[in-house]
Structure formats: C-alpha cells, structure tokens
Amino acid sequence: MKIIETVAAMRAFVNEQRDAGKTIGFVPTMGALHQGHQSLLRKAAERCDVVIASVFVNPLQFGANEDLSSYPRDIGGDAEKAAAAGAAAIFHPQVSEMYPHGYASHVDVWGITDKLCGKSRVGHFRGVATVVAKLFNIVQPDVAFFGQKDAQQVLVLRRMVEDLNMTVEIAMAPIVREADGLAMSSRNVYLQPAERKAATVLSRSLSIAQDAFARGERNAAALKSLIQAAISTEELAEIDYVEVHSYPDLAEVDTIKSAALAAVAVRFGGTRLIDNTLLEGERTCI
Ligand code: AMP
C-alpha cells in the first residue's frame, strides 16, 4: 500500500488506475483510524476496483478553541489498518500542500449548515466542504464513502455535489459502535475512565427515542425530551444540543411525517462527542 504525499503524485496514481479502466472508491478521514473507518474502506472495496483513503487533519474545519493541535495522529498505524481493510493508497498531504501560500478559495453550503453541528461549530462545514471538494478534484472518485456518524456532514456534501455538478456518488454507511454502544470516534481516546463510562448514555438515550418512535411516537418535542432526560441522568454529561429534525432536509418539525434524525452533541470533560439515529421505516444506509 502506498502513502502518497503530493497532489501531483496522487494524480499520477489516479490516472494510472483510470487508464487501466478501474473504478475508484474514496474514504476521506482525519486519521487515527478505527473500525468505523475500516468499515467504510471495506464497503468501498466491495463496490470499487481501487480504494483510496485520505488522512488529513484539516485545519480549516477546526474552530479557534478546538483540538487541532492535540488531535491524535498515527500514520504508521493508519497505514496498517487501511491496508488490512483493502486500501491501495493513502493520500497524506501536509497542510502546505493543500493550502499553499496565497490560498483563497472556500466552499459554502448554505441553509443545512446553520443548525446542529453547524450552529455550535461555526465555520466547521465550510472547512469540511472546502477540503472535500479539493479531495474530490484530486482523487476523482466514482464513489465516496462517509459514515452516518456525521449524518449532517453527509447531507451537506450531497448538497454540494448536486449544486456544483460533481459526478461523484456519496454513499453513507452505518455507525460502528463499541460493544457497550459508544459510537467509535478518534476522539474517544481523550476520555478519562469515568467519562468513557458515562458516554454510553448517548447511545442509550437514542435507543429510548428509537423505541418510542417504534411504538408510534411522532412528536419531535416529546422524542427530544426523552433523549434530554436520559442524558441528564449522567452527571458528567454537559449537553451541547439535542435535536430531532426531519430527514433529509433537517427542518424543524412538530410532527414527524416520514423520517427524522435524532442527533446529539454532548461534552464529557473537555471532549465533545456526537451521535445520532435515524427514525424511519426504511434503511437509508448502504
Ligand atoms: P473522521 O476521521 O472522524 O473525519 O471520519 C472520517 C469518516 O469516517 C467520516 O465519514 C465519518 O463519518 C466516518 N466515521 C467516523 N466514525 C465512524 C463510526 N463510528 N462508524 C462509521 N463511520 C464513522
């Protein structure tokens, strides 16, 4: 498996694959890979001839007081895990390769970015859309794979792809969880033991909402209250947001007509974790 650090070398690799008639599956990540990332790579390998991952901690998507400098980095471990899951190459550029001196362009997706994580992390999705647009131009994938863990991100990127006439398909894969329900995240390593234990309340609270939805509860405020009440039983949990919005448009609704996204962001100590569940009759994931 190759680790490729420059745009020129990445383009050369992609051109070789295209000339050989191969389809390209792409999994963008910030590294510190875990089984969630590996599940995306495996799904990419099932659908595409060649799988490319990117490992790039994108400064543009971090706010001023966020964890850019402490974000876990382990390219050696990432290379092993990506290869084991079927990747042929990792694109691992330096910040100066992606944003050279004089860099001045951004991608702004409006509307869908002003709620949930976009509201608590102002500028975050601008950074995400910008880097992903660049990565799509560099890697030119047929299909790009993202996790439902960042469900709003998937919706923002689908909007971007449609609006900017990009040809890549955005596939969404289910959330991979630890045995006790905690959604896997590169940020889980920050959690102290008591916080790690407390963090299981997130998936429990979403299961309570899922059960109520299955029993016929369609009132968004009632579902939101159930989730808030469950999370509030944990002393170490400090709620950033709990929302139940219609899906996929993420509109505020009183009564859920078809599908909804129940999404939470909660701090445990200094660590902000997110989780969500889709309240729907049918599967939306691959
Ligand atoms: P990140 O490295 O956190 O930016 O994540 C890279 C990709 O992996 C994104 O599409 C995430 O949604 C996805 N991802 C992260 N954690 C999980 C998880 N637990 N299950 C499934 N996908 C995940």
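Start by selecting Ile-3, which sits opposite Ile-90 in β4. Three bridges link β1 to β4 (residues 89-91), and the two strands run parallel. A quick word on names: helices (H or I, at least four residues) and strands (E, at least two) are DSSP runs, numbered from the N terminus, and two strands count as paired if DSSP finds at least two bridges between them.

Before moving on, some ground rules. This is a predicted model, where local features need pLDDT of at least 70 and side-chain atom pairs count only at pLDDT 80 or more, while totals for chains, interfaces and linings use all residues. Residues are numbered from 1 along each chain as its sequence is written, and side-chain values use heavy atoms, with hydrogens and water left out.

Now widen the selection to the whole sheet: six strands, in the order β1-β4-β3-β2-β5-β6, form an open sheet with parallel pairing. Look at its edges: β1 (2-4) and β6 (169-173) each have a single partner strand, so one side of each has no neighbour in the sheet. On average, neighbouring strands here are turned by 25° against each other, direction ignored. (Axes are lines fitted to C-alpha atoms, for helices over the stretch in contact, and angles run from 0 to 180 degrees between N-to-C directions.)

Next, pick helix α1 (residues 7-19). What does it touch? Helix α1 packs on the sheet against β1, β2 (24-29), β3 (50-55) and β4, and its direction makes about 165° with that of β3. Contact here means heavy atoms within 4.5 Å. Then try helix α7 (residues 151-163), which lies across β5 (143-147) and β6 and runs at about 170° to β6.

Time for another sheet. Select β7, β8 and β9: these three strands form an open sheet in the order β7-β8-β9, paired antiparallel. At its edges stand β7 (237-246) and β9 (271-279), each with a single partner strand, so one side of each is left without a neighbour in the sheet. Zoom in on Val-264, and you'll find Asp-275 of β9 opposite. Nine bridges join β8 (residues 260-268) to β9. Helix α9 (residues 201-214) lies across β8 and β9, at about 20° to β9. Helix α10 (residues 220-232) touches β7, β8 and β9, and its direction makes about 160° with that of β7.

Finally, zoom out: the chain has ten helices and nine strands.
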